Amino acid sequence: MNFWEYLGSRHQQLLADAFQHASAVFQCMVLATLIGVLVGVVTYRTEWAGHLATLTTSTILTVPSLALIGLLIPVVGLGVAPTVIALTLYGLLPIVRNAIVGLRGVDPDLVDAARGIGMSRPARLLRVELPLAWPPILTGIRVATQMLMGIAAVAAYASGPGLGNEIFRGLASLGSKNALNQVLAGTLGIVILALLFDAGYVLLGRLTIPRGIRA
Amino acid sequence: MRESSVAGATIELENLTKRYPGHPEPAVDNVSMEIRAGETVIFVGPSGCGKSTTLKMINRLIEPTGGRIRIDGEDVTRIDPVRLRRKIGYAIQSSGLFPHLTVAQNIALVPRMTGWSKPRVRDRVEEMLDLVGLDPGDFHGRYPRQLSGGQQQRVGVARALAADPPVLLMDEPFGAVDPITRDHLQDELIRLQRELHKTIVFVTHDFDEAIKLGDRIAVLRERSHIAQFDTPEAILTNPADDFVSGFVGAGAALKRLNLTRVRDVEVRDYPTVTVDTPLQQIFGFLRGSGTNEILLLDRRGRPYKWLRRGDLMRARGSLARAGTLVHDTVTRDATLRDALEAVLTDNAGRVAVTGRRGEYTGVVDMETLINSVHELLEADRLEAMEAQAELVEARAQQTHVEQEGHGGEEKA
């Protein structure tokens, strides 16, 4: 069976896996974005807090994904839980860092002007600082998504959802006639998903970055 | 229809002080002043003198460490700063427009925050754009980066005035635009103020701007100490001390040019010939004298043409065709500033000076001007040094007396 025949016979399974993969990454990204931006908002105004946030999240990133998921299994069990936790944690660093950089990069004169015309602290954050910091935050989200696409494959190790199952199955049966096809299909599927997501972000950027600050 | 706008409010500063932790000296030290309703007051002083800090304490962008601020009699030192700032317009140097919002959205910010209805906000935005001289239809939907510096500044002022605050604070609002635009914006502000009668507090380091805009000027020295707080005329004619006169005198060289006439300085004597001089003689003259150029006068002695050595050759000896016509002259009554203008625009950097009937009396060029300005400034400096010396002597005597007094007290 060549690769194309393999795809033809398994497309339903593959599509289901791809959908689950995308869905897992998407949901974890939403979670990571919410947490990441929140952490950024809380920490960007103090030097040490910002450092601490960036340092913590980058420390998480240095833990090998397989090890992290393996360590999570005894705590939260198999399946979706360790996948979601691991992916969300990994997604944090680019978002937190870019949120802090973006919020700190807002022209202090503008913040001064916002205060001067009588905007309260929450209004300043929501109407001025976050919109202006949004382009770098969106970049962080893009980078994080690319990363999670690959890491999500490892989640299959903990019986998680997604295209990783395909890859692990192939790796486990190396030598059998479909092993290579399985690994290839899983890997290519992830690459294609990543590209689709990226296109989605470009579109999102077009829609959400105001024309006045678009590069 | 223009809504009737709120006129200005009084502002009283009472012993206003700002100390920063870790600095032994306060940044603003015990400032008290009264600003009348509808008055434009300019804070002017060298950079770092605390004028901006003082301004920002009025809307409590910087919280004072001591003292009191009263606006229209109400003590605002303790009220919610956000509420306070919505009653005070604020315009800053870089215009402070939010780049992600359109012009209309920027202007609408404060009225919307104060809870105006949507149609009222929309009308107000149009009205404000109109007020600052921008066509609402054209500028409404633009983003700040699509505007020139001057237009941004206008929108900044429109935003500051949008909720019709009685007080307008302006922190070097025209500092970052080119001189021509600045001039326009200043004129606009004067026009606006004639219509609106707000209480405006305006910070600048440009004394000329202060003179142009201010009803009264507060000249501030370090730590925001008021060196003089008076009308522009009074400050110009009667500066309180040498600090103020020093500040007024900044740019003295150019101001001097306005006060001095060509007649008062030494002009240069240029080699001249008249149209009646035989050609042969002119040739000889050009060859014999060390100069490259002579001035040809017409029959009535008026400057007619500049003749260079090669000109006659090229024109094959015809005076009618040779040389370049004199197209600009200055009279002896012209100011040095006019003369400088003429010298700068002349392509060879010299200009003929004429007497009452247009007759030639001399030539000024860059060198003449530079020399005379140097002499004038030197004279000014000597005068100032004498005044300074007198002052130091007077102070020394005063300190002497004070110390003596102190010593006496301690002993007692």
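The exercises below walk through a predicted model, with chain A and chain B treated in turn.

Local features need pLDDT of at least 70 and side-chain atom pairs count only at pLDDT 80 or more, while totals for chains, interfaces and linings use all residues. Residues are numbered from 1 along each chain as its sequence is written, and chains are lettered from A and ligands numbered from 1 in the order in which they are written.

**Exercise 1.** Describe how α1(A) and α4(A) cross.

Solution. Step one: take the axes, lines fitted to C-alpha atoms over the stretch in contact, with angles from 0 to 180 degrees between N-to-C directions. The axes of α1 (residues 3-43) and α4 (residues 80-104) of chain A come within 7 Å and cross at roughly 40°. Step two: classify the angle. Under 35 degrees counts as roughly parallel, over 145 as roughly antiparallel, 65 to 115 as roughly perpendicular and the rest as oblique; the angle therefore makes α1(A) oblique to α4(A).

**Exercise 2.** Find the residues with the most contacts inside the largest nonpolar core.

Solution. A nonpolar core is a set of buried Ala, Val, Leu, Ile, Met, Phe, Trp, Tyr and Cys residues joined through C-beta atoms within 7 Å. Buried means 20 or more other C-beta atoms within 10 Å of a residue's own, exposed 12 or fewer, and partly exposed in between, with C-beta atoms placed from the backbone. The largest core has 121 residues, and A:Leu148, B:Ala158 and B:Val201 have the most contacts inside it. Helix α6 (residues 121-154) of chain A gives the most to this core, 14 residues. Apart from it lies another core of 27 residues, including B:Ala339 and B:Tyr360.

**Exercise 3.** Describe the side of chain B that touches chain A.

Solution. Contact means C-beta atoms, placed from the backbone, within 7 Å. By this rule, 20 residues of chain B are in contact with 17 residues of chain A. On the chain B side, α2 (81-86), β6 (88-92) and α3 (103-113) give two or more residues each.

**Exercise 4.** Is B:His184 buried or partly exposed?

Solution. B:His184 is in helix α7 (residues 179-196) of chain B. With 17 other C-beta atoms within 10 Å, B:His184 is partly exposed. The C-alpha atoms of B:His184 and B:Gly150 are separated by 8.7 Å, although these residues are 34 apart along the chain.

Technical notes:
Helices (H or I, at least four residues) and strands (E, at least two) are DSSP runs, numbered from the N terminus. Two residues are in contact if their C-beta atoms, placed from the backbone, lie within 7 Å.
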